[in-house]
Amino acid sequence: MMATDRRIYLLVQLMITQGICLLAQGLRAPVIKPFNFAGQLSEGLRTGVMCMVTDGDPPFNFEWSKDGRPLNTVHKGVSIQKMNDFTSFLTIEKLDADSNGNYTCRVSNTQGHDHKSDTLSMRGLKAPKIKPFHFSDDLEMGLRSVVVCAVMDGDPPFNFEWSKDGRPLATDHKGVTIRKMDDFTSFLTIEKLDADSNGNYTCRVSNSQGYDHKSDTLSMRGLKTPKIKPFHFSGELGEGMRTGVMCMVLEGDPPLNFEWSKDGRPLNTDHKDISIRKIDEFTSILNIEKLDADSNGNYTCRVSNAQGYDHKSDTLSMRGLKAPKIKPFHFSDDLEEGLRTAVMCVVAGALRGPKIKPFHFSDDLEEGLRTAVTCVVQGGDPPFDFEWSKDEEEMMSNERRCFLQLLLFLGFCLLSYGEYCT
């Protein structure tokens, strides 16, 4: 008897399961009727919309969101009520500036989902209007500076954005803090001014109705634009030689930006046989490892800071290129059919001693300026040994106030007033 009961129980369970599966296969995904907010809404009024399923089989799950974020009954002035299995109401008890936005109703069942949206935009809300701000005219390095971006007119909520020279500013910028004091005011503070602080600062404020922005330029007194020492390529250059020039800032305040170009097109270290090295804040060296016909052209160094820029150029023009001279080659005299053979074609040339480009100090040096000279090997085969001397006495790298840097093909010496290298 018990075995018979168990078989009957299993048969009933199977029938129920099959019935549920068949029922589920016949369910339809929901279809929602579009909804719309009235076009004449204004602050202080009440409004509501209805999300109604016109087709599909329950049970349904209703979800409301605003601007992509879920809405629920804890939102200020918002109530959501499910009237029956097919209908949900969203009511906003009292419209304010924060009510504007895109509202979405999403309904789902086991077979799929549907969603509809509409934008609530009240009449009468005002776009923000900002009070102009200005940096002081007597700012100096090391001081602190503060400006205030204040909304004089318009309806919140507002979004404040600060930028410098067109790039967004954030609170993690060095020495910069941004604080929103209330719904209408934001403070920008630069804790300690330096050369990098100069620039054009902009505050942009927006709400759902529009935006406004104001800008001012911070320019500290006392900062100098860069002044570059002229550079020149030697007139005795030929194919296969090396050459280099140095771009040095004689005067001006960092930070400085160095840019090299050839015939008006930017140069970088990806160019064949060209290396660019920034030695310190004031000096950049351009080196061409092996001259060829493509090396000829006009080379420019441009240096800029927040106050301005300077540039110097010179034309590299090599003397007549030489035709190659090939070492004779010969096949063996005892070759036979079926053997392998080879010959080598070699461009002949002897090891060459070094040839140095002359260097000269500028004629307009003054006390307090920087200066440098460049020792460049134009021809010859490495390795080379560089030695600097002053008044025929050897100068070592640890000489006071004279820094000697040895590069593979390029040496230079930075000196103070009254010292020179030969």
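The protein chain holds one helix and 32 strands, where helices (H or I, at least four residues) and strands (E, at least two) are DSSP runs numbered from the N terminus. This is a predicted model, in which local features need pLDDT of at least 70, side-chain atom pairs count only at pLDDT 80 or more, and totals for chains, interfaces and linings use all residues. Residues are numbered from 1 along each chain as its sequence is written, and side-chain values use heavy atoms, with hydrogens and water left out.

**Exercise 1. Confidence and contacts**

Determine the mean pLDDT of the protein chain, and find where pLDDT stays under 50.

Solution. Begin with the scale: pLDDT is the predictor's confidence in each residue, from 0 to 100. The mean over the protein chain is 81, and 82% of its residues reach 70 or more. Next, take the stretches where the value stays under 50: residues 19-24 have one contact beyond four places in sequence in the model, a contact being heavy atoms within 4.5 Å, while residues 398-422 have 84 such contacts. Where pLDDT is low, the predicted coordinates should not be read in detail. Finally, consider the chain overall: among contacts between residues at least 6 apart in sequence, 63% join residues at least 24 apart. Of the 422 residues, 38% count as buried, where buried means under 20% relative accessible area, exposed over 50% and partly exposed in between, with a 1.4 Å probe and protein chains only.

**Exercise 2. An open sheet and its edges**

Give the strand order of the open sheet of four strands, and identify its edge strands.

Solution. The order is β17-β18-β22-β21, and the pairing is antiparallel; two strands pair if DSSP finds at least two bridges between them. Strands of a sheet pair through backbone hydrogen bonds, either parallel or antiparallel. The edges are β17 (227-228) and β21 (274-280), each of which pairs on one side only. For β21, that pairing is with β22 (residues 283-288), through six bridges, and Asp-280 stands opposite Thr-283 in β22.

**Exercise 3. Two hairpins**

Work out how β15 is joined to β16, and how many residues lie between β19 and β20.

Solution. Strand β15 (residues 199-207) pairs with β16 (residues 210-218) in the antiparallel sense over nine bridges, and a hairpin joins these two strands through two residues. Within this pairing, Asn-200 has Thr-217 of β16 as its bridge partner.

Turning to β19 (residues 257-262), its pairing with β20 (residues 265-266) is antiparallel over two bridges, and Ser-261 stands opposite Pro-266 in β20. The hairpin formed by β19 and β20 has two residues between the strands, and Asp-263 in the turn has a positive phi of about 55 degrees. Strand β19 is also joined by six bridges to β23 (residues 297-305), which runs antiparallel to it; there Phe-258 stands opposite Val-303.

**Exercise 4. Backbone angles in loops**

Locate the cis peptide bond that joins Pro-58 and Pro-59 and the one from Pro-156 to Pro-157, then describe Asp-67 and Asp-165.

Solution. Most residues other than glycine have a negative phi, and most peptide bonds are trans. The bond between Pro-58 and Pro-59 is cis, with omega about 5 degrees, and Pro-59 sits in the loop between β2 (47-55) and β3 (61-66). From Pro-156 to Pro-157 the bond is also cis, with omega near 5 degrees, and Pro-157 belongs to the loop between β10 (145-153) and β11 (159-164).

As for phi, Asp-67 is not a glycine, yet its phi is positive, about 55 degrees. This residue lies in the loop between β3 and β4 (69-70) and is partly exposed, with a relative accessible area of 40%. Asp-165 likewise has a positive phi of about 55 degrees without being a glycine; its loop runs between β11 and β12 (167-168), and Asp-165 is partly exposed at 38% relative accessible area.
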